[in-house]
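Please look through the structure below before reading on. My points follow, numbered so that you can check each one against the view.

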Amino acid sequence: MSFDARSLERLQELGRSLPKPLPKPESSSEPKGSSGKRHRVETETNPQALFGELMKASEDGTVPPHLMDRLRQSETDQERKRQAAQREQLQALQNRTNRNPTGLQAQGKPQELRPNQQRRRPATSEEQDLYVAFQQLLLEGDEEDQATP
């Protein structure tokens, strides 16, 4: 692109008259208006402790809605953590139970049942009905055995 002499002079003149950027302010680690210390209501993550702090901070026992939302969120987070820990424990227990001591499963043979080992749940309602009927027969047999001296 070529400029004639007049256009080039005009561009240079405009370039000299453009405003210069303002110097950047010194950044501080804390926003203005904050003293650096935060109240425990703002930092607490344990729902029970947060509730206690909310009651201490409130003169008449009322709590603003945004703080109640924070308390509910804290309770939800704690419940999720507890459920995740339970799932991990259950999965670890299942992994230990499912492991075969020899390391290999017998081909075509079901795993041997041992006392106190969980059995599978019936898959269909028919299986469930048969299972219940069998349990009732066992209980009736136990009652007859106890009734006769």
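This is a predicted model: local features need pLDDT of at least 70, side-chain atom pairs count only at pLDDT 80 or more; totals for chains, interfaces and linings use all residues.

1. Start with Phe3, Leu8, Leu11 and Leu14, which make a nonpolar surface patch of about 360 Å². Find Leu14 in helix 1, which covers residues 5-17. Is Leu14 buried, partly exposed or exposed? Leu14 has 38% relative accessibility, so it counts as partly exposed.

2. **The overall plan.** Now step back to the protein chain. How many helices and strands does it have? It has 5 helices and 0 strands. Read along the sequence, the pattern is α-α-α-α-α.

3. The protein chain has 149 residues, and buried residues make up 8% of them. The chain exposes about 14,500 Å². Carbon and sulfur atoms supply 52% of that area.

4. **The nonpolar core.** Which residues make up the largest nonpolar core? There are 6 in all: Val41, Leu50, Leu54, Val63, Leu67 and Leu71. Helix 3 and helix 4 are the elements that give two or more residues to this core.

5. **Leu71 up close.** Pick out Leu71 and look at what it touches. Set aside residues up to four places away in sequence. Leu71 then touches Pro47, Leu50, Phe51 and Leu54. Leu50 and Leu54 are also members of the largest nonpolar core.

6. **Ser58 in a loop.** Next, find the loop between helix 3 (47-57) and helix 4 (65-98), where Ser58 sits. Why does Ser58 count as buried? Its relative accessibility is 13%, and buried means under 20%. Which backbone atoms lie by the side chain of Ser58? The backbone nitrogen of Gly61 lies 2.8 Å from a polar atom of this side chain. The backbone oxygen of Thr62 lies 2.7 Å from a polar atom of the Ser58 side chain.

7. **Glu44 in another loop.** Glu44 lies in the loop between helix 2 (40-43) and helix 3. Glu44 counts as buried because its relative accessibility is 13%. A polar atom of the Glu44 side chain lies 3.3 Å from the backbone nitrogen of Asn46. Leave aside the neighbours of Glu44 within four places in sequence. Glu44 is then in contact with Ala49, Leu50 and Arg70. Leu50 also belongs to the largest nonpolar core.

8. **Salt bridges: the count.** Side chains of opposite charge can pair when their charged atoms come close. How many salt bridges are there? The count comes to 5 salt bridges. The next points take up some of them.

9. **Glu53 and Lys56.** These two residues form a salt bridge, and their closest N and O atoms are 3.4 Å apart. Both Glu53 and Lys56 lie in helix 3. They are 3 residues apart, about one turn of the helix. Lys56 is exposed, with a relative accessible area of 64%.

10. **Asp69 and Arg72.** Move on to helix 4. Asp69 forms a salt bridge with Arg72, with the closest N and O atoms 3.0 Å apart. Asp69 and Arg72 are 3 residues apart in helix 4, so about one helical turn separates them. Asp69 is partly exposed, with a relative accessible area of 44%. Arg72 also counts as partly exposed, at 45% relative accessibility.

11. **Glu79 and Arg82.** Stay in helix 4 for this pair. The side chains of Glu79 and Arg82 meet in a salt bridge, at 2.3 Å from N to O. Glu79 and Arg82 are 3 residues apart in helix 4, so about one helical turn lies between them. Glu79 counts as partly exposed, at 31% relative accessibility. Arg82 is partly exposed, with a relative accessible area of 39%.

Conventions. Residues are numbered from 1 along each chain as its sequence is written. Side-chain values use heavy atoms; hydrogens and water are left out. Helices (H or I, at least four residues) and strands (E, at least two) are DSSP runs, numbered from the N terminus. Buried means under 20% relative accessible area, exposed over 50%, partly exposed in between (1.4 Å probe, protein chains only). A polar contact is a pair of N or O atoms within 3.5 Å; within protein, one must be able to donate a hydrogen and the other to accept it, and residues adjacent in sequence count only if both atoms are side-chain atoms. A nonpolar core is a set of buried Ala, Val, Leu, Ile, Met, Phe, Trp, Tyr and Cys residues joined through side-chain atoms within 4.5 Å. Contact means heavy atoms within 4.5 Å. Patches are made of residues with over 30% relative accessible area and no salt bridge: like charges are joined within 9 Å, nonpolar side chains (Val, Leu, Ile, Met, Phe, Trp, Tyr) within 5 Å. Accessible areas come from the Shrake-Rupley method with a 1.4 Å probe; for residues, only the protein chains shown count as cover. A salt bridge is a side-chain nitrogen of Lys or Arg within 4 Å of a carboxyl oxygen of Asp or Glu.
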